[in-house]
Amino acid sequence: MNIYLFQALNGLGVGMVYFLLSVGLSIIFGLLGFVNFAHGALFLIGAYTAMFVTAQTGSFLLGLAASFAVVAVIGVVAERWLLRRTYRMPHESQILITVGLTFILTEGVVMIFGPEAQQVPMPDILAGVLMLGAYPVPIYRVFIFAVCAVVGLGLWFLFERTLFGARVRAGNESSEMLNLLGIKVSRVYALTFALGTGLAGLAGGLAAPLRGADPSMGAEAIVIAFVVVVLGGIGSFSGPLVGGLIIGVTQSMMSAIWPEGARLAIFIVMAGILLVMPKGLFGRA
Amino acid sequence: MLEKINHSSGLFSLALVAFALAMPLVMGSTATAGVVLVFAIAAAACNLLLGYAGLLSFAQGSFFGVGSYAVGMVLKAAPGAGLAALLVCVAAGMIVALAIGMLSIRQRGIYFVMITLAMAQLAYFAALSFPQLTGGENGLLDIPRPITGLEGIMGEGTVQYALIAVVFVLAIAFLRLVVRSPFGRALDAVRENEVRAQTAGYDVQKLKLLAFCLSGGITALAGALYALQLRSAPLSNIDLMTSETILIMAILGGRRSLLGAAFGALAMTLMAEQLSHLWPRWQMIVGFVLIAVVLFAPNGLGGAWAHWRARRSVRAGDHA
């Protein structure tokens with residue numbers, strides 16, 4: 001097997017993490033029209049939560065569950081106390097307020113866990129490699145891919161096949177009409193917010209063993225999420241999936257070709273795609 | 001008072017000069033006063049986009065950083081270039097702004113914001129990936145200061161501050177001319193209602209792009225002055241944090257006030273100076289301040305003051 005093909009396969013794992021991260025941003029924007037700049041800081045909190053809970057309980061799965069739950073709770077609290085006031089404001093104000101929130105959350109994490117980068121051990125059972133021909137594939141990447149695929153399918157089912165999903169999509173079209181039909185819109189909003197932010201936390205928890213946990217990963221994550229969303233479009237499922245995989249695979253392949261420029265490459269790919277397709281991959285109004 | 005200053009160009013220039021003269025006394029040294037003026041220029045250029053063109057740009061730090069690197073490269077290659085190096089920086093900033101603007105301005109609203117952020121990150125990683133040009137993580141060190149001809153008359157720190165102060169007054173006066181020109185009025189029209197401006201025959205994209213380039217050039221000038229002040233161009237000049245700092249200063253000062261930008265830069269520098277001594281996590285306070293200003297005083301400190309004055313005079317009128 002070709003080394004580049006191998007790296008591309010490896011990148012699918014990271015790409016799925018990016019998908020999970022961006023789909024949360026996308027779900028929240030789709031329903032609420034709200035741009036959550038603090039999404040990256042929530043990813044950061046997810047990573048530290050997974051690290052902390054795994055270290056305390058010895059169970060990585062519990063750590064992942066906690067990263068989703070803790071961040072979802074933070075998301076709902078922020079929505080109830082602060083962000084709900086901003087729904088009628090212009091997007092610029094929402095972005096600035098969530099930039100402020102990012103400062104608060106990131107500094108809070110540094111206050112508790114310190115500014116140093118920390119290693120997050122992965123469970124022994126996932127630490128090995130599978131041999132794919134002559135190439136070793138880390139089991140953890142396969143695990144990430146599987147978890148994200150299951151979560152993605154679950155989200156698709158939730159939004160396309162359940163009553164809650166129908167309500168969210170209806171709220172997408174007209175929240176006023178939803179209200180008139182006797183549905184508590186604010187509850188739908190809160191649940192959607194919990195889900196979207198929780199996904200950022202889960203993505204952070206999954207990414208932690210790959211790259212460790214450090215306070216700068218929040219800024220990194222929000223930029224990646226924006227790139228994914230710019231490429232794939234916001235408010236859909238397929239957009240973040242395709243965008244996330246493109247970015248993950250690009251990053252992974254470039255780290256074999258030009259390691260110093262691997263992170264530069266994802267932005268060049270984005271700029272290149274925007275140059276040819278100003279409206280992103282799927283176009284939009 | 002604020003309105004009077006805003007309406008009379010003489011009073012406005014006087015206020016700028018007074019601000020530049022007062023800063024060394026307020027901050028206690030010409031070095032920190034220079035930092036305030038540098039960021040005042042950058043914040044005012046940010047206001048041109050935010051308050052007049054209606055564009056929230058996260059790429060301001062890229063322009064700032066490009067200016068820093070450009071002045072370093074020019075003066076290290078040709079120490080005799082003098083103040084012409086600053087013109088090179090303005091040109092470099094405008095070119096980078098043109099490139100980023102051409103990709104981002106085709107899109108509106110949040111997509112514009114997200115693309116400027118991503119392109120800013122591109123600039124950051126480009127600076128990191130080509131250490132032979134930029135010094136990589138260390139930045140460009142030992143940048144010589146240009147010869148201004150005042151060296152014999154004043155001390156070096158004073159000369160440096162005088163240079164920054166003169167550029168500060170000129171740059172902000174220039175921005176005032178821009179926002180009051182027909183071009184500035186057209187930007188107002190675009191911000192208020194883009195479709196209407198387009199229907200009225202304005203080339204909206206071109207207007208925005210021109211504003212973006214002007215802002216980029218002036219921000220790069222600020223970055224260049226900052227590099228001269230530090231005698232180096234650190235990598236942190238081009239990172240996301242610089243963009244956020246400039247944006248926060250612009251918001252604090254009031255997005256529609258060029259003079260306010262100077263006070264926003266002063267407030268933020270004072271916070272950084274004073275609070276960082278007291279508490280290493282002082283940026284948390286910046287977060288709270290930013291949220292409070294956007295929620296309760298969307299026109300910034302200057303706007304809040306004008307609002308309070310207006311309410312007071314209305315109340316006084318009722319009693320009379």
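Tutor: Along the sequence, chain A runs α-α-α-α-α-β-β-α-α-α-α-α-α-α, that is, 12 helices and 2 strands. Helices (H or I, at least four residues) and strands (E, at least two) are DSSP runs, numbered from the N terminus. Keep in mind that this is a predicted model: local features need pLDDT of at least 70, side-chain atom pairs count only at pLDDT 80 or more, and totals for chains, interfaces and linings use all residues. Residues are numbered from 1 along each chain as its sequence is written, and chains are lettered from A and ligands numbered from 1 in the order in which they are written.

Student: What makes chain A as compact as a globular protein of its length?
Tutor: Set its radius of gyration, taken over C-alpha atoms, against the globule rule, 2.2 Å times the number of residues to the power 0.38. For 285 residues the rule gives 19 Å and chain A has 19 Å, so chain A is as compact as a globular protein of that length. Its C-alpha trace spans about 60 × 50 × 35 Å along the principal axes.

Student: How do you know whether chain B agrees with the rule?
Tutor: A compact globule of 320 residues would have a radius of gyration near 20 Å, and chain B has 20 Å, so the two agree. Chain B has 15 helices and 0 strands, and its C-alpha trace spans about 65 × 45 × 40 Å along the principal axes.

Student: Why is B:Leu240 called buried?
Tutor: Count C-beta atoms, placed from the backbone: a residue is buried if 20 or more others lie within 10 Å of its own, exposed if 12 or fewer, and partly exposed in between. B:Leu240 has 21 such neighbours, so B:Leu240 counts as buried. This residue lies in helix α12 of chain B.

Student: Which residues does B:Leu240 touch?
Tutor: Two residues are in contact if their C-beta atoms, placed from the backbone, lie within 7 Å. Not counting residues up to four places away in sequence, B:Leu240 touches A:Ala219, B:Gly61, B:Ala120, B:Gln121 and B:Tyr124.

Student: How do you know that the buried residues of α7(A) are on the same side?
Tutor: In helix α7 (residues 163–173) of chain A, the buried ones are A:Arg167, A:Val168 and A:Gly171. They cover an arc of only 100° around the axis, so they are on the same side of α7(A). The arc is that of the directions from the helix axis to the C-beta atoms. On the other side of α7(A), A:Ala166 and A:Glu173 are exposed. The buried residues pack against α1 (3–32), α6 (139–161), α8 (175–180) and α9 (185–211) of chain A.

Student: Why do we say that β1 and β2 of chain A pair?
Tutor: Two strands pair if DSSP finds at least two bridges between them. β1 (residues 129–132) and β2 (residues 135–138) of chain A have 4 bridges, in the antiparallel sense. A:Leu130 stands opposite A:Val137 in β2(A). The strands form a hairpin with 2 residues between them, and A:Gly133 in the turn has a positive phi of about 65°.

Student: What makes a group of residues a nonpolar core?
Tutor: It's a set of buried Ala, Val, Leu, Ile, Met, Phe, Trp, Tyr and Cys residues joined through C-beta atoms within 7 Å. The largest one here has 207 residues, and A:Val227, B:Ile41, B:Ala118 and B:Leu221 touch the most other members. Helix α3 (residues 30–53) of chain B gives the most to this core, with 18 residues.

Student: How many residues does each chain bring to the contact between them?
Tutor: Chain B brings 32 and chain A brings 34. On the side of chain B that touches chain A, the largest share, 14 residues, comes from α6(B).
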